[in-house]
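The sequence and the structure are shown first.

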Amino acid sequence: MLRALIYILPLALTIFAFIDCLNTPEDEAKHLPKIAWVFIILLFWIVGPIVWLAAGKVRHAPAGGAPSEWARGRRGTWVAPDDNPDFLNSLKDTDKKDGDKKDAGRTAGGTQDADRAEAEARLAEREADLRRREEELKRRESGSGPEDPTPPAA
């Protein structure tokens, strides 16, 4: 078990340092370009990852400088929805779209009436079909209907 640990521990350290190096923005890599750090980590199996973790990366926010590329697009603190301008603008856009739909409904009143009439006609057809089926079922149960239990083909 101890023999395996001699190989597994440096391998895990190398993998961790490699992934950490790849996820680090270019402007936070110190002393060398990021690609050089990748080669150092992979070529010098034990020493490379240790040097990367010790000296290869800025471990704190740059003093007085601009945030990294990763942090530029992110908001620093949480903002409640009623104070968030992006959220409020999205509400205004939604209200505007709903208002436009209502205005379109008012101008296209004829099409709404036609749609309503078509829906009522379909409903009337379904109700008539349901009544017909109920009467047929009652006739079968009472025995006064046709002897053939199969319904007619539509």
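Axes here are lines fitted to C-alpha atoms, for helices over the stretch in contact, and angles run from 0 to 180 degrees between N-to-C directions. The structure is a predicted model, and its protein chain averages a pLDDT of 79, with 74% of the residues scoring at least 70.

**Confidence by element**
- Among the elements of the protein chain, the highest mean pLDDT (91) belongs to helix H2 (residues 34-43), whereas helix H4 (residues 69-72) has the lowest, at 58.

**Packing of H1 and H3**
- The axes of H1 and helix H3 (residues 47-55) lie 9 Å apart, and the two helices pack at an angle of about 45°.
- The crossing of H1 and H3 is left-handed.
- On the H1 side the contact is made by Leu13, Thr14, Phe16, Ala17, Asp20 and Cys21, and on the H3 side by Pro49, Ile50, Trp52 and Leu53.
- By residue class, the contact of H1 with H3 comprises 8 nonpolar residues, 1 polar and 1 charged.

- Leu22 is part of helix H1, which spans residues 2-23.
- Its relative accessibility is 42%, so Leu22 counts as partly exposed, a class that lies between under 20% for buried and over 50% for exposed.
- When neighbours within four places in sequence are left aside, Leu22 is in contact with Lys34 and Val38.
- Lys34 is 12 residues from Leu22 along the chain, and the C-alpha atoms of the two are separated by 7.9 Å.

Conventions:
Residues are numbered from 1 along each chain as its sequence is written. This is a predicted model: local features need pLDDT of at least 70, side-chain atom pairs count only at pLDDT 80 or more; totals for chains, interfaces and linings use all residues. Side-chain values use heavy atoms; hydrogens and water are left out. pLDDT is the predictor's confidence in each residue, from 0 to 100. Helices (H or I, at least four residues) and strands (E, at least two) are DSSP runs, numbered from the N terminus. Buried means under 20% relative accessible area, exposed over 50%, partly exposed in between (1.4 Å probe, protein chains only). Contact means heavy atoms within 4.5 Å. A crossing is left-handed if the near helix is turned anticlockwise from the far one by less than a right angle, and right-handed if clockwise. Ala, Val, Leu, Ile, Met, Phe, Trp, Tyr, Cys and Pro count as nonpolar, Asp, Glu, Lys and Arg as charged, and the others, Gly among them, as polar.
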